[in-house]
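The sequence and the model are shown first.

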Amino acid sequence: MPPRPSLQSILLMAASAAAGDSAPLFSVRRRFPAAFSAAGGHRTCLLHSLSGSRLPKRAELACFFGTTPTPEALPAGPVVPPSRNVGSIEETRACEERIGQLLEKLKNEGISRKRWRLGAFNRTLCPMCKGGSSEELSLSVFIPSDGLNATWNCFRATCGWKSNAQPDGVSKVYQAKRDTGNETNQDVKANHAVKTYRKLREEDLCLKPLCDELVTFFSERMISPETLRRNNVSQRKWNNKLVIAFTYRRDNVLVGCKYRELPKKFSQERNTEKILYGLDDIKQAHDVIIVEGEIDKLSMEEAGYRNCVSVPDGAPPQVSDKLPDKDHDKKYQYLWNCKEYLDSASRIILATDADPPGHALAEELARRLGNERCWRVTWPKKNETEFCKDANEVLMFLGPQALKEVIEGAKLYRIIGLFNFRDFFSEIDSYYNLVKRVRFINEN
């Protein structure tokens with residue numbers, strides 16, 4: 001029996017394999033599996049990697065001894081993590097091949113990234129909207145570790161581009177399982193990520209009371225310092241800029257935080273649970289007002305309405321073609337996360353903006369909350385030619401009493417097949433006048 005190799009010998013062979021000759025390393029692995037396992041378990045980290053979208057003929061190996069690799073040393077392509085379910089080299093190679101196909105398809109869609117993380121959400125630039133003027137990394141891409149599919153979604157309200165891709169030979173099989181309802185639990189886990197939310201701490205955000213400049217900004221919009229304090233509106237340094245911080249809370253516990261620069265530009269804390277702004281104010285409320293922005297929620301409070309919440313992500317560009325189920329309703333997940341608060345409401349007043357995206361948002365909310373308990377406001381004119389766009393414009397141009405009248409004048413949201421008596425008034429009036437004429441002719 002040949003002598004047992006030293007740890008140093010195995011590491012030197014691993015380095016040789018990384019340079020292009022992997023035969024000595026695999027030879028040692030076959031002849032001395034226990035020694036190789038001990039070395040790999042304590043000091044050696046072997047990474048199967050892909051270079052870009054090109055599939056290597058054999059797995060490349062990188063060896064690190066006792067140190068943490070620098071970011072520059074990490075592979076450019078996605079790292080395929082070892083799976084306990086992979087029982088053979090053939091299955092591992094099939095997984096790598098599927099991932100390579102997915103990367104190629106993502107590249108054809110214009111989606112690219114220097115390094116991909118498998119089984120996690122990757123943020124990158126959306127090829128459709130280019131991240132807007134701020135070039136925000138608004139596209140979220142998820143590739144599961146088994147490489148069965150890739151899904152992506154742009155979270156900019158004015159874009160909303162989302163789609164998916166499957167490697168060749170997988171899509172038809174998986175789609176057939178979904179269409180027939182025979183998708184197994186293993187299929188579900190492989191193709192849907194388990195979302196874990198980041199827990200925010202007040203001290204980590206370094207929030208501070210509003211400075212005089214920001215208090216003046218709100219006072220010009222008729223928002224009082226008392227309302228700002230009650231709603232915990234704060235400020236902080238964000239990307240080296242002074243921004244307004246709107247804190248999202250549930251049971252007075254910080255869940256998320258949204259930032260606004262004085263030029264109207266928004267950003268949010270990443271990987272936090274999406275909920276409605278001002279959620280605690282509608283706990284056990286029978287009437288709930290939903291608006292499109294945090295300042296609109298504060299404006300409603302100035303008019304005497306605290307039972308108001310704001311959506312966290314603005315309005316969509318248009319109404320979606322179909323209503324997805326709960327698990328796939330990502331854009332409106334905040335409604336599902338706040339379901340227990342909204343279920344107690346018997347009347348929900350939709351006070352979204354008076355523009356096409358605002359109307360689309362009202363329709364999307366009504367579809368999910370139930371048209372039968374939704375009411376819609378009508379925004380008044382602010383001058384002879386223009387209408388107010390939202391709650392804050394009504395407060396600024398017409399005052400709190402006018403905003404109160406807008407809420408009191410809300411009308412029941414339309415329900416297909418249900419008509420109001422006034423919809424038939426012209427026909428009834430015509431019929432009544434016709435009867436009068438016929439009676440007059442008969443009498444004469």
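## Basis and conventions

Two strands count as paired if DSSP finds at least two bridges between them. Helices (H or I, at least four residues) and strands (E, at least two) are DSSP runs, numbered from the N terminus.

The model is predicted: local features need pLDDT of at least 70 and side-chain atom pairs count only at pLDDT 80 or more, while totals for chains, interfaces and linings use all residues. Residues are numbered from 1 along each chain as its sequence is written, and side-chain values use heavy atoms, with hydrogens and water left out.

## Overall composition

The protein contains 16 helices and 13 strands. Of its 444 residues, 39% are buried, where buried means under 20% relative accessible area, exposed over 50% and partly exposed in between (1.4 Å probe, protein chains only).

Among contacts (heavy atoms within 4.5 Å) with a separation of 6 or more, 60% link residues 24 or more positions apart. The accessible surface is about 26,100 Å², and carbon and sulfur atoms hold 52% of it; accessible areas come from the Shrake-Rupley method with a 1.4 Å probe, and for residues only the protein chains shown count as cover.

## The antiparallel sheet

Strands S5, S6, S7 and S8 form an open sheet in the order S5-S6-S7-S8, with antiparallel pairing. The edges are S5 (234-238) and S8 (265-268); each has a single partner strand, so one side of each lacks a neighbour in the sheet. On average, neighbouring strands of this sheet are turned by 35 degrees against each other, direction ignored. Axes are lines fitted to C-alpha atoms, for helices over the stretch in contact, and angles run from 0 to 180 degrees between N-to-C directions.

S5 pairs with S6 (residues 241-250) over five bridges, and Gln235 has Ile244 of S6 as its bridge partner. Seven bridges join S6 to S7, where Tyr248 stands opposite Gly256. The hairpin of S6 and S7 has two residues between the strands, and Asp251 there takes a positive phi near 55 degrees. S7 and S8 pair over four bridges, with Tyr259 opposite Ser267, and three residues lie between these two strands in their hairpin.

## Helices across the sheet

Helix H8 (residues 212-219) lies across S5, S6 and S7 (253-261) at about 65 degrees to S6. Helix H10 (residues 294-302) lies across S6, S7 and S8, also running at about 65 degrees to S6. S7 is mostly covered, with eight of its nine residues buried.

Helix H4 (residues 89-108) has 20 residues, which at 1.5 Å a residue should span 28 Å; its end C-alpha atoms are 29 Å apart, in agreement. The expected span is 1.5 Å times one less than the number of residues. Cys95, Glu96, Ile99, Gly100, Leu102, Leu103 and Leu106 are the buried residues of H4. They cover an arc of only 160 degrees around the axis and therefore lie on the same side of H4; the arc is that of the directions from the helix axis to the C-beta atoms. Glu90, Arg93 and Asn108 are exposed on the other side. The buried residues of H4 pack against S2 (139-142), S3 (150-154) and S4 (162-165). Just after H4, Gly110 takes a positive phi of about 90 degrees.

In helix H15 (residues 400-408), Ala402, Leu403, Val406 and Ile407 are buried. The buried residues of H15 fall within an arc of 145 degrees, so they line one face of the helix. Their cover includes strand S9 (287-291), H10, strand S11 (347-351) and helix H14 (391-397).
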